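Please read the following report with the sequence and the structure at hand. It is written for a reader who is new to structural description.

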Protein chains: 2
Amino acid sequence: MALSVPRIVVVGAGFGGLEAAKALDRAAAEVTVIDRHNHHCFQPLLYQVATAALSPADVAWPIRHILRDQRNATVLMEEVVAVDAARKYIRTTMNEIPYDYLVLATGATHSYFGHDEWAPVAPGLKRIEDATRIRRSILIAFERAEAMADRAAQNRLLTFVIVGGGATGVEMAGAIADIARQTLAADFRNIDPRAARIVLIEAGPRLLPAFPPDMSDYVRATLMKAGVDVRTDTMVTKCDEGGVDTNAGRIDAGTVIWAAGVVASPAARWLGVEADRAGRVKVGPDLSLPDHPEIFVIGDTAAVFASDGHPVPGIAPAAKQMGHYVGTLIAARVAGQSGGKPFRYRHLGDLATIGRRAAVVKFGRLQLKGFVGWVFWSVAHIYFLIGLRYRFMVAFTWFWDYLTFQRGARLITGSEQPRQK
Amino acid sequence: MALSVPRIVVVGAGFGGLEAAKALDRAAAEVTVIDRHNHHCFQPLLYQVATAALSPADVAWPIRHILRDQRNATVLMEEVVAVDAARKYIRTTMNEIPYDYLVLATGATHSYFGHDEWAPVAPGLKRIEDATRIRRSILIAFERAEAMADRAAQNRLLTFVIVGGGATGVEMAGAIADIARQTLAADFRNIDPRAARIVLIEAGPRLLPAFPPDMSDYVRATLMKAGVDVRTDTMVTKCDEGGVDTNAGRIDAGTVIWAAGVVASPAARWLGVEADRAGRVKVGPDLSLPDHPEIFVIGDTAAVFASDGHPVPGIAPAAKQMGHYVGTLIAARVAGQSGGKPFRYRHLGDLATIGRRAAVVKFGRLQLKGFVGWVFWSVAHIYFLIGLRYRFMVAFTWFWDYLTFQRGARLITGSEQPRQK
């Protein structure tokens, strides 16, 4: 490739970054996609890895394989540590990489609202490693309980607290209830997995605030029927090895899962620019930095507002729209055309599952719930998986698990040794 | 369950231990199966996890799920640390568990022939964690090479040394050659994965010594045609971060994989009895200890000889036969019958694949090689997988990968950060 073509660097191969790279498919440019992982993770199904329904490889695919046929794209597995906006290069742990255009799409991570010391005891769910760690933690809780005689300790081990009543929290609570009531029901001798206690804690007045109130009510009722203890208007004030403190009292628990908040990746710090409270970079109408029209920030890393003044939500379709917009915009500039219209977010809808056979869906005026919603949810997620192979594998796995009440990926792996809790 | 029934403790849920537990299905006894993992690992396909063809969950299944319908069986995930043969109990990190009969089936691990300091740089392949570690190491080598400009460093990174020319070594070498020549061929821009160098080192005069010499020659020729550098009569004298020293010179390499030897688990030490050079416990004709007719040692942990005087090989069918024998024997004793015939090993055959489309098979007088051998190998391995679900998933994965030259599980996961090598 000639050295004279513009160098476009995309940092982060999540939904936004990948879409930006793909929109540059036909640009006469050198596109470099940098990610610290070798895989793109399909985050909407990550909770299924955490709850032993799918394997990591079902929801994560090598970035370079996704882009193998895009001849102008190079993929590098490196970790970015700094951006020099004045001299136009980024620094990784290994290299310095110059750019003419830079797209930062580095996503977000869990936020403990200033209590990072809770991270070791209350893992969140953003990466493949988080998912296998939570899977290990859930499965080990049952194993430890089976091996001990002390009833109080058993009860504590078999209490699972999920903090945060958004989509991830609801999906985790529903899936853990399924594991306890169905998957594991017949597999133990000393304990009854069905006696496990699953507590879903939400600080606000209702679950899934993105949905209409009657759907929140439906979700709450469905979870409670599945045996989940739903506590709204409840604030966690402390997480430790033994459970959580809330404004309504202590809950002893063997496993605490954090699904309560996110904070943007440190792009604002790299750039030395202002960020909002969630760490997101403030961008202009074309998603570029005010002082640097060649630097774009997209996805969960950017503070973007819809035409109604509401912030654009941190969901996959939003990131994809921004990625497509920025990729197309840069392609136009590279081709010598002037910039087009400002970015405009189009909200397609919201969906969330509540365990086996139930989901809520809101697409414009279309509202679905229960089994019909669940079928819609399943079809939509399979459709968005990359590649026929994964669609087929995940569809088969779900179908099989639906028929048998089983989960195929019940592995406790990793270096962590089982501890005496 | 009444307290008066005999307590049978089986330690290790590999092929031998599981078979022993299953043979006790109808015994009026309390069977406790203890393993430090929650899963049974189908070791013959572990190399496919290490080479990104299968996911861990495709070849590992929860032990308690396998035994869920055996009402007299309890499964505990615990690590055994000692056996008190005089007072008849075992000690785990958490509990003391009494027994009337004890079956030790704790397998083997890699042996570095007194050089345990090689373990961190030359991982072996026995557990799921070993496989994902090797997978990470292979995939990261290509990623690192793509990100660097130094040709010498690239060449070193893209050199893979496999030590040991038995079935595991041959299968790993063939699979890594497939990855480099086919799977990754189109995915990189700065390096050509097909230029990767794969070196298979064997101390003896030929590969796969369990097979007839003409089949060893065929395996060698097939591997060399696939681009593998096969070096027999070559002894590794040192492994370090940068490669291996051999009696025939130094080989700089980014990845070294150990498939050269095994040593039995520490059962002999627990029992305070004599072991052979490979750490295996010497057992009597009924696989029990001479001084303790209630303690049996089976599988890779026991030194057992076939009727022709040769040692019984450390393969799955041998462990299963021993497990079945001991389980049946204990069941008879529990039922008040006297012991039966001594254990007699029946060798069914040997098989090994050499990458895509080639394998060697020797079953009595039946000898197959090439594509026919590969089909036989595939069908045999799918047949022995536990459960219809896994048979279907693995069959589909292989079929798909065969058609597309792809591998579905190319994930770099785990806590290890990519290092500057």
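## Basis of the model

This is a predicted model, in which local features need pLDDT of at least 70, side-chain atom pairs count only at pLDDT 80 or more, and totals for chains, interfaces and linings use all residues. Residues are numbered from 1 along each chain as its sequence is written, chains are lettered from A and ligands numbered from 1 in the order in which they are written, and side-chain values use heavy atoms, with hydrogens and water left out.

## Chain A as a whole

Chain A contains 12 helices and 25 strands. Here helices (H or I, at least four residues) and strands (E, at least two) are DSSP runs, numbered from the N terminus. The radius of gyration of chain A is 22 Å, close to the 22 Å that the globule rule gives for 421 residues, so chain A is as compact as a globular protein of that length. This radius is taken over C-alpha atoms, and the globule rule is 2.2 Å times the number of residues to the power 0.38. The C-alpha trace of chain A spans about 70 × 45 × 40 Å along its principal axes.

Of the 421 residues in chain A, 59% are buried; buried means under 20% relative accessible area, exposed over 50%, and partly exposed in between (1.4 Å probe, protein chains only). Among the contacts in chain A with a separation of 6 or more, 64% join residues 24 or more positions apart, where contact means heavy atoms within 4.5 Å.

## A pair of helices

In chain A, the axes of helix α11 (residues 370-384) and helix α12 (residues 388-404) come within 9 Å and cross at roughly 155°. Axes are lines fitted to C-alpha atoms, for helices over the stretch in contact, and angles run from 0 to 180 degrees between N-to-C directions. The helices α11(A) and α12(A) are therefore roughly antiparallel to each other. Angles under 35 degrees count as roughly parallel, over 145 as roughly antiparallel, 65 to 115 as roughly perpendicular and the rest as oblique.

Residues of α11(A) in this contact include A:Trp374 and A:Trp377, while those of α12(A) include A:Val394 and A:Trp398. Helix α2 (residues 46-50) of chain A holds A:Gln48, which is buried at 9% relative accessibility. Not counting residues up to four places away in sequence, A:Gln48 touches A:Ala53, A:Leu54, A:Trp377 and A:Trp398.

## Buried residues in loops

A:Leu24 lies in the loop between α1 (15-23) and β2 (30-35) of chain A and is buried, with a relative accessible area of 0%. Apart from neighbours within four places in sequence, the contacts of A:Leu24 include A:Ile8, A:Val31 and A:Ile330. The C-alpha atoms of A:Leu24 and A:Lys320 are 14 Å apart, although 296 residues separate them along the chain.

Which value of phi does A:Leu287 have? Its phi is positive, at about 65°, although A:Leu287 is not a glycine. A:Leu287 belongs to the loop between β19 (281-282) and β20 (288-289) of chain A, and its relative accessible area of 1% makes A:Leu287 buried.

## Residues of chain B

B:Ala52 is not a glycine, yet has a positive phi of about 70°. The loop between α2 (46-50) and β4 (60-62) of chain B contains B:Ala52, which is buried at a relative accessible area of 1%.
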